[in-house]
Amino acid sequence: DDILGVEPSNPPKRSVRSPLDPETTPQTDRSTKDTSRGSHVLVVDDSPTMRLLLRTLLLDLGCRVSEAENGQDAVRIVSESLGNHNNCNPIELILCDIRMPPRMDG
């Protein structure tokens with residue numbers, strides 16, 4: 001027993017519920033999912049595998065996804081998103097790798 005009376009081999013279970021929890025959100029085919037109302041996320045990573053993984057996860061959550069493989073491309077994409085006043089779905093979130101060669105990184 002530790003100080004709190006919880007055995008290390010049997011820790012208390014904690015759960016965090018999200019409105020996007022897969023247990024409470026019906027799964028749909030991502031190719032037919034309407035992403036026009038979801039958040040627009042920019043994924044910035046030099047690894048194609050990481051971009052694919054994040055894109056797949058975000059599409060399953062109903063997000064619209066844009067991608068960049070380096071910081072310079074990300075700045076250009078964000079500038080275009082902010083500069084287009086007719087843009088009904090501007091970039092709202094950027095997920096960025098912090099180490100990307102050879103130029104600007106996170």
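Student: How many helices and strands does the chain have?

Tutor: The secondary structure comes to two helices and three strands, where helices (H or I, at least four residues) and strands (E, at least two) are DSSP runs numbered from the N terminus. From the N terminus on, the elements run β-α-β-α-β. Please keep in mind that this is a predicted model, in which local features need pLDDT of at least 70, side-chain atom pairs count only at pLDDT 80 or more, and totals for chains, interfaces and linings use all residues. Residues are numbered from 1 along each chain as its sequence is written, and side-chain values use heavy atoms, with hydrogens and water left out.

Student: In what order do the strands stand in the sheet?

Tutor: Pairing comes before order: two strands pair if DSSP finds at least two bridges between them. Here the three strands form an open sheet with the order 2-1-3 and parallel pairing. Strand 2 and strand 3 (91-96) are at the edges with a single partner strand each, so one side of each has no neighbour in the sheet. On average, neighbouring strands are turned by 25 degrees against each other, direction ignored. For such angles, axes are lines fitted to C-alpha atoms, for helices over the stretch in contact, and the angles run from 0 to 180 degrees between N-to-C directions.

Student: Over how many bridges do strand 1 and strand 2 pair?

Tutor: They pair over five bridges, in the parallel sense. To find your place in strand 2, look for Ser66, which stands opposite Leu42.

Student: Which strands does each helix lie across?

Tutor: Contact here means heavy atoms within 4.5 Å. Helix 1 lies across strand 1, strand 2 and strand 3, and runs at about 165 degrees to strand 2. Helix 2 also lies across strand 1, strand 2 and strand 3, with an angle of about 165 degrees to strand 1.

Student: Which residues make up the largest nonpolar core?

Tutor: The general idea is that in soluble globular proteins, nonpolar side chains tend to be buried together. A nonpolar core is a set of buried Ala, Val, Leu, Ile, Met, Phe, Trp, Tyr and Cys residues joined through side-chain atoms within 4.5 Å. Buried means under 20% relative accessible area, exposed over 50%, and partly exposed in between (1.4 Å probe, protein chains only). In this chain the largest core has seven residues: Leu42, Val44, Ala68, Ala74, Ile77, Ile91 and Met100. Strand 1 (40-44) and helix 2 are the elements that give two or more residues to this core. Ile77 touches Leu42, Glu67, Ala68 and Ile91, leaving aside residues up to four places away in sequence. Over the whole chain of 106 residues, buried residues make up 21%.

Student: How many salt bridges does the structure hold?

Tutor: Side chains of opposite charge can pair when their charged atoms come close. The criterion is a side-chain nitrogen of Lys or Arg within 4 Å of a carboxyl oxygen of Asp or Glu. The structure holds three salt bridges. In one of them, Glu67 meets Arg51 at 3.2 Å, N to O. Glu67 lies in strand 2 (residues 64-68) and Arg51 in helix 1 (residues 48-60), so this pair ties together parts that are 16 residues apart in sequence. Glu67 also meets Arg55, at 2.1 Å, N to O. That pair likewise links distant parts of the chain, with Glu67 in strand 2 and Arg55 in helix 1, 12 residues apart.

Student: Where do Glu80 and Arg76 lie?

Tutor: Both lie in helix 2 (residues 71-83), four residues apart, about one turn of the helix. Salt bridges that share partners join Arg51, Arg55 and Glu67 into one network. The side chains of Glu80 and Arg76 meet in a salt bridge at 3.4 Å, N to O. Glu80 is partly exposed, with a relative accessible area of 48%, and Arg76 is partly exposed at 42%.

Student: Where does Asn70 lie?

Tutor: Asn70 is in the loop between strand 2 and helix 2, and is buried at 7% relative accessible area. A polar atom of the Asn70 side chain lies 3.1 Å from the backbone nitrogen of Gln72.

Technical notes
A polar contact is a pair of N or O atoms within 3.5 Å; within protein, one must be able to donate a hydrogen and the other to accept it, and residues adjacent in sequence count only if both atoms are side-chain atoms.
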